[in-house]
Amino acid sequence: MINRTKIRVSESQKLFTCLGNIRFRSQFGGYSLSANGVMFALVSDGDLYLRATPENEMVFRRMGMESLIYRKRGIAITLRYFKVDQKLWQDEALLITLAKRSLQGMLDDIKLKKEGGARLKDLPNISLNLERLLWQVGISTSSQLRAQGACITYLKLKSVKHSLGLNVLIALEAAIQGFHEAALPMASREVLMKWFKSHQRMIDTTAR
């Protein structure tokens, strides 16, 4: 399976050269594909998956493309990536067109986030209730959340709702990075847990 995955990565790099400088790196147990630094596809278990955007997700579904299911600690997470079957793989012109749309959707999303136009609830893990809490502490856009960072944002939220715990901190960081909280990379999770424990010790010491 590993060899099959590497072969598909190599084939994808060659096929999508028209999109820009195609690079790959390890992610979600497979490899992500990016064009000029913008991720638009994944290769997992030997299959290529295209990133869905609000504009093309319904097209993928109508074509019968399967969603990528990622398992993290036994939890099944449906990612917004759709499988390219053998029939589509053989239709290079259509596949390149769909990949271009995935890439453009990601570029549009990046632009929107930089302009601060994306609503908080559109980010992963941000529920309507959490969005309202963020409004209370002066954070109303995704760009403001990114500027504050997960730890500072958590402290602000904690000041208005004392019962918040580690799960909210992890959800915030995952939202900033664009992940479902269960899929947050272990390195990021460990940094947050270390910070959280240090913060809790400081509170306990102050309370004595």
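How many bridges join strand β4 to strand β6? Select residues 47-51 for β4 and residues 75-83 for β6: three bridges join these two strands, which run antiparallel. Strands here are DSSP runs (E, at least two residues), helices are DSSP runs (H or I, at least four residues), and both are numbered from the N terminus. Two strands count as paired if DSSP finds at least two bridges between them. Within this pair, select L50 and then F82 in β6, its bridge partner.

This is a predicted model, in which local features need pLDDT of at least 70 and side-chain atom pairs count only at pLDDT 80 or more, whereas totals for chains, interfaces and linings use all residues. Residues are numbered from 1 along each chain as its sequence is written, and side-chain values use heavy atoms, with hydrogens and water left out.

Six strands form an open sheet with antiparallel pairing, in the order β1-β2-β3-β4-β6-β5. At its edges lie β1 (22-27) and β5 (67-72), each of which pairs on one side only. From one strand to the next, the twist averages 40°, with axes fitted as lines to C-alpha atoms and angles running from 0 to 180 degrees between N-to-C directions.

Return to β4 and display the side chains of D47 and R4. They meet in a salt bridge, at 3.2 Å from N to O; the term denotes a side-chain nitrogen of Lys or Arg within 4 Å of a carboxyl oxygen of Asp or Glu. This pair links distant parts of the chain, since R4 belongs to helix α1 (residues 2-15) and D47 to strand β4, 43 residues apart. The whole structure contains five salt bridges by this rule.

Now select D45, in the loop between β3 (38-44) and β4. Its phi is near 50°, a positive value in a residue other than glycine. A second stop of this kind is N125, in the loop between α4 and α5 (128-136); N125 is not a glycine, yet has a positive phi of about 75°.

Finally, colour by domain. The domain assignment, automatic or from a database, gives domain 1 (1-115) and domain 2 (118-202). Their centres, taken over C-alpha atoms, are 27 Å apart. Eight residues from domain 1 and 12 residues from domain 2 make the contact, defined by heavy atoms within 4.5 Å. The area buried between the domains is about 830 Å², 64% of it from carbon and sulfur atoms; buried area is the accessible area (1.4 Å probe) that two parts lose on being put together, summed over both. On the domain 1 side, select β5 and α4 (92-114), each of which supplies at least two residues touching domain 2. Across this interface, the rule finds zero salt bridges.
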